Amino acid sequence: MLTVFIDFKSPASFLALAPTLALAQETGVQIDWLPFSVRPFSIPEEQAEETVGERHRRVRAIAQRNTHLHYARVQGRDMHFSKTPAGSDAALAAMAGIGGDPVPFIRAAFAAYWTEQANLDDEAVVAALLSSLAMAPPDWETAREKLVSIRTKAEQSGIFESPSYVIADQLFVGREHLPWIGSLIAAAPVG
Amino acid sequence: MQQALESDAPLIVYVDIKSPYAFVAIRPTLALEKSLDMRFDWRPLTLDIPSYLGSARKSKGKVVESTRSASQWTGIKYGYRDARRYAERQGLMLKGTEKIWDSSIANIGISWVMQKDRERLANYFETVYPPFWRRELDIEDVAVVEACLEQAGIDVEGFADFVQGEGRARHDALQAQLHPGGIYGVPTYVFDGTILFGREHLPYVRWHLEGRKGPAPDVAYEIDSLEPLPC
């Protein structure tokens, strides 16, 4: 079993989805998809008098955005960064409450966020998304409580970023680790 | 003056001796350079870590001074653990540093080697990177860096003057161009106006340098063997 923590508003999570699903298909590993909300991606405004640290953070954010867009093109994926990024907690709560295969919802939520700039913290938006997949909306209060519970447990086990992969008691942050994760899956006892 | 994004070489590689990410990128990047029979343009980028990641000093394994937040520490600790497990796959030891080093002298050493004895650059990296990350080198001491250069078979006549004069001036002038050029960390790979930070881009860099044949690869930390190693 591979546990993968994602957030719909995380650009790295968005770009990790297809390679992670490809690995699952290739190896047959089962994935436990869990929500882990991170800060919305934003680029700080350039200040008239920046400190070195402020400039570093701004330059880093621009470079990260450019790199995400670069690999979105590599993956043939449509991706747009919003100047005012929306939240994602309602969609993450809904994902936490899905009893069956969450992948269709995960695909739809990522697409809605990164191509249509949907506000995935709006329960009505998320309910519409679920409805388009013939899925019923969750009891929001219960789902949000579950989201908090998952986050608390995740933080206790050292999760701090999305996407995070946990396998064989090891934490890997980012899809760049998929070769090593694949080797761990291959080495795992069958059955 | 050296321009941050321009070179006659097919690839510019920015590294810093005190970066664990650069440390684990050195051998894979050198291997790529060798496999393609190319000469990359290796350059120093001396990170100003306290300016963006807070500062800290340890003594006997315990933090005795720190301006870092809890989330900064979480990320830094993961970063070291991650670099360490990949270093171990390369047969290298990576110990967390006891303080934030000024790596400029050792980094100016990179420029010295590029200028004086380019073919021995890999030797210099081997004499400075692994011992530094075993906590065996004081890279703020010019005599220690000279000893690394000599061990790598590189003439050090004039190196101390270079560090204080031309080498320092070139180093500082280059550093001043990096943020305006869009470069902020190491290892950074630059080619044809594209800037990529991190060794996870090596598959893409290779694809580019080999003539962009077939589909472009995604990011990946390539591993030598599919045999998993303990962390």
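Trainee: Hi! Where in chain B is the place of B:Pro187?

Mentor: B:Pro187 sits in the loop between α8 and β5 (188-191) of chain B. Keep in mind that this is a predicted model.

Trainee: Okay. And what kind of peptide bond joins B:Val186 and B:Pro187, cis or trans?

Mentor: The bond joining B:Val186 and B:Pro187 is cis, and its omega is about -5 degrees. Most peptide bonds are trans.

Trainee: What about chain A, which peptide bond is cis there?

Mentor: The bond from A:Ser162 to A:Pro163 is cis, with omega near 0 degrees. You will find A:Pro163 in the loop between α6 (140-156) and β3 (164-167) of chain A.

Trainee: While we're on backbone matters, what is the phi of A:Ala168?

Mentor: A:Ala168 has a positive phi of about 50 degrees, although it is not a glycine. Most residues other than glycine have a negative phi. A:Asp169 is not a glycine either, and its phi is positive too, at about 60 degrees.

Trainee: And where does A:Asp169 lie?

Mentor: A:Asp169 lies in the loop between β3 and β4 of chain A. That loop is also the place of A:Ala168.

Trainee: Let me zoom out. How many helices and strands does chain A have?

Mentor: Chain A has 7 helices and 4 strands. Starting at the N terminus, its elements run β-α-β-α-α-α-α-α-β-β-α.

Trainee: How does its radius of gyration compare with what the globule rule gives?

Mentor: The radius of gyration of chain A is 17 Å, close to the 16 Å that the globule rule gives for 191 residues, so chain A is as compact as a globular protein of that length. Along the principal axes, its C-alpha atoms fill a box of roughly 60 × 40 × 35 Å.

Trainee: What share of chain A is buried?

Mentor: Buried residues make up 37% of the 191 residues in chain A. In chain B, 40% of the 231 residues count as buried.

Trainee: And how many helices and strands are there in chain B?

Mentor: Chain B has 9 helices and 6 strands.

Trainee: How many residues of chain A are in contact with chain B?

Mentor: On the chain A side there are 28 residues, in contact with 24 residues of chain B. Three elements of chain A each supply at least two residues of that side: α2 (52-74), β4 (170-173) and α7 (178-187).

Trainee: Which one gives the largest share?

Mentor: That is α2(A), with 12 residues. By class, the side of chain A that touches chain B has 15 nonpolar, 8 polar and 5 charged residues.

Trainee: New topic: helix packing in chain B. At what angle do α1 and α9 of chain B pack?

Mentor: Helix α1 (residues 20-36) and helix α9 (residues 202-209) of chain B pack at about 15 degrees, with their axes 11 Å apart. α1(B) and α9(B) are therefore roughly parallel to each other. Among the residues that meet are B:Leu32 and B:Leu36 in α1(B), and B:Val205 and B:Leu209 in α9(B). That contact has 6 nonpolar, 1 polar and 1 charged residues.

Trainee: How about α4 and α8 of chain B, what angle do they make?

Mentor: Helix α4 (residues 104-116) and helix α8 (residues 166-181) of chain B pack at about 100 degrees, with their axes 10 Å apart. That makes α4(B) roughly perpendicular to α8(B). The contact of α4(B) with α8(B) has 2 nonpolar, 5 polar and 2 charged residues.

Trainee: And α5 with α6, how do their axes cross?

Mentor: The axes of α5 (residues 121-133) and α6 (residues 142-151) of chain B come within 8 Å and cross at roughly 135 degrees. α5(B) and α6(B) are therefore oblique to each other, and their crossing is right-handed.

Trainee: Last one: is B:Ile110 buried or exposed?

Mentor: B:Ile110 is buried, with 24 other C-beta atoms within 10 Å. B:Ile110 lies in helix α4 of chain B. Leaving aside neighbours within four places in sequence, B:Ile110 is in contact with B:Trp42 and B:Pro44. B:Trp42 is 68 residues away along the chain, yet the C-alpha atoms of B:Ile110 and B:Trp42 are separated by 7.5 Å.

Terms used
Residues numbered from 1 in each chain as written. Chains lettered and ligands numbered in written order. Predicted model: local features only at pLDDT ≥ 70, side-chain atom pairs only at ≥ 80, totals over all residues. Axes fitted to C-alpha atoms, helices over the stretch in contact; angles between N-to-C directions. Parallel < 35°, antiparallel > 145°, perpendicular 65-115°, else oblique. Contact = placed C-beta atoms within 7 Å. Nonpolar A, V, L, I, M, F, W, Y, C, P; charged D, E, K, R; others polar. Rg over C-alpha atoms; globule rule 2.2 N^0.38 Å. Buried ≥ 20, exposed ≤ 12 C-beta atoms within 10 Å, placed from the backbone. Left-handed = near helix turned anticlockwise from the far one by under 90°.
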